Amino acid sequence: MRAGLCAGLLMSALVACGENEPPAPSIVETYMADPAAVDRGEALFVGTCAGYCHSFERDNTDALYLFDCEWKHGDGDQDIFNTVIAGIPNTRMVGFGDNFPEGEADLWKIIAFLRTNQESCA
Amino acid sequence: MHKYVKKTLYWLIVPLLFGGLITACSDQTTDSVPPDAANSTDPGQAVADAEAAEPEVDAELMARQPTSHWINDRPIGDGDGPVTVEELASGTSNPERWLHYGGDYRNFRHSPVEALNPESIENLQVAWSFPTGTEGQFAMSPIVYDGIMYMATSYNHLMALDAQTGELFWRYDHPQPDDLRLCCGPANRGAAIHGDSIIMGTLDAHLLALDRLTGEILWDVEIEEYSHGFSSTAAPLIVKDMAIIGVGGGEYGVRGFFDAYNVNTGERVWRVYTIPGEGEPGNETWAGDSWQTGGAPTWSVGAFDASTNTVFWTTGNPAPDWNGDDRAGDNLYSDSLLAVDADTGELKWHFQFTPHDVWDYDGNTTIFLADIQFEGQERQALVQANRNGYFYMLDRVTGEYLHATQYVEQLNWATLDENGRPVPNPEAFPQTNPDYRVCPGLSGGMNGAWAGALNPDLGLAFIPVVENCMKFRKGISVYVQGQSFTGGGGIDTDASADTDYGHLSAIDINTGEIRWRYMDEDPLKAGVVSTQGGVVISGNQKGKIFGLDAETGEELWTFNAGGGIRSQPIVYQQNGETYLAVGAGDRSRTSAVPQGGQLFVFRLREGQY
């Protein structure tokens, strides 16, 4: 009984201790802090996403604007990642699968570029 | 009595991008019937009322439009019978007909009608009008034959109308998938006619023939799998018993081609790939395997010279558009003119306007087969106001380069050497962070999405021009079949600064000199028609249809059509009366003007011509 109480207190202390530690940065946050990674994400976005499909401006064309806070298929980094990898059925958004030159890192860098330039979401 | 058979299908036709737009279209149902159809006394007509249950779809992804097929089985037309090869070769010589997108095999879009002239044009009045029921640019050139007008709309709705009254005879709405591979809107620029068939290419890369009197489908063939990046937006060119049609896909990394199909069966007669395969001459102009995804689409209309049995066709940009790093070389035959044997498709010669293009200067604007005076000699020439800003004159028999002149007001991307080969300005190449404003911009110059006209007596080509310079940005392009493959794009455009503009320019086809310009505050993006009477008619993006004096460019007449003009006007006569047909309706969402196409047909007021 006493041993169980001590173990419980210890666990609580550890949990409390963990709550005070900053969470490890995500891969996107890591890339956001790396200008070279953001630049590569931008270059990929410019060359692969922005020709006709996605726009840098709210320009009233068919090109959807991805720097606002409106995500139709999930606004988490992993949601965006999954959407780009798998695509969206019945749309022109064909999944990129494993075709990025530097693998998944390239896609995380694109997301880092988007996040870096994302409008403030109230 | 009208006799319609209603066949209804529900399909999902609006292409969407990465999440898509949400549009409610449920009010446009197939319950609406053409005029008089509801009065039919034949109960057997409203058969096949088999409206398929709508499949489950993600409402967030889809905009839905019902599609329909209304077949006619009453006698219509003037009894002219099937269109013959000889009639097709006669072009616009019979003013009651308009048989080709370009008016004739030379693409002159020049009507023999003298009644429509600088004195009479002010007497044009609306005779009838007709809606398309669709959004997107209304870009077509109508066909008129046997008293019937054939009107194709965006999203491939095709209608047969009485050319004098606008009465609807039949209608076919082509069912489309949701994920069309379009770069630039759901355009269709027209159908073609042969025998008793109306032939149309579709956004999902099919080619189909319909009975011109009933609207029934005669055959339907797949040109290529659309989901691999293909589409068809141009009017076919009918040559002998073949329908020749090209494809879009330059922004999707396709390997371009154009095909000839037997008009009676739909069987393919020949295919010309616009990028040579391994081992073929020209393949060495592509680094590595880049030829396999090199673009060179064929999305506009060619021309035909019966005297040499030559079909001329033009090609678009290499892919990816704005990053040529992985496709070192000239990238034949992108941005080129190809002359091929009409019967076999065998290549006779080529001329490349923009080798190793990194600006999206598709070489596919209107090609005119015109005889010109060059250095004191008459030459069988081919002239073209190319999207890259130069007006070219070539010998159409040999392909020899004769001369070129600048026809846009702003051009700095390249000069031309004595052979017509561009010498690019090093500053004009796309950059990661560009700071150089390049002219013309990516739309031109002129653009293959609309057609110029040519008055052979005046020796003038009438060319609608875009003046919209921009910086070109280069990025890293990743190829995935069916995905956009562009490598960059234009930024800091004159349009974004509202300093872009346009003009309709009259170009002397013998010298390339500009005879006059009709200026507009916006780029001009509509086709042109010319008349023997000496007027030129086109329209602007704000919906103004205008008529000009062909010799001077003086504005003689205008009409406010409401929607931006993107169509290709035609002039024709019926029972001695003169008509002008112009489609209005653009896809631009940059203004408050609602989308939606509307055809306006004007008639010269009686007694005024």
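**Note on the two-chain model**

1. In chain B, strand β15 (residues 257–262) and strand β16 (residues 268–273) run antiparallel and are joined by 5 bridges. Strands pair if DSSP finds at least two bridges between them. Helices (H or I, at least four residues) and strands (E, at least two) are DSSP runs, numbered from the N terminus. This is a predicted model: local features need pLDDT of at least 70, side-chain atom pairs count only at pLDDT 80 or more, and totals for chains, interfaces and linings use all residues. Residues are numbered from 1 along each chain as its sequence is written, with chains lettered from A and ligands numbered from 1 in the order in which they are written.

2. Opposite F258(B) stands V272(B) in β16(B). The hairpin of β15(B) and β16(B) has 5 residues between the strands. There, G266(B) takes a positive phi near 85 degrees.

3. Chain B also holds an open sheet of 4 strands, ordered β4-β39-β38-β37, with antiparallel pairing. β4 (124–131) and β37 (570–574) of chain B each have a single partner strand, so one side of each lacks a neighbour in the sheet. On average, neighbouring strands of this sheet are turned by 30 degrees against each other, direction ignored. Axes are lines fitted to C-alpha atoms.

4. Within that sheet, 6 bridges link β38 (residues 577–584) of chain B to the antiparallel β39 (residues 598–604) of chain B. V582(B) has F600(B) in β39(B) as its bridge partner.

5. The contact between chains takes 28 residues from chain A and 32 residues from chain B (C-beta atoms, placed from the backbone, within 7 Å). On the side of chain A that touches chain B, helix α3 (residues 35–49) of chain A gives the most, with 6 residues.

Note on methods: Axes are lines fitted to C-alpha atoms, for helices over the stretch in contact, and angles run from 0 to 180 degrees between N-to-C directions. Two residues are in contact if their C-beta atoms, placed from the backbone, lie within 7 Å.
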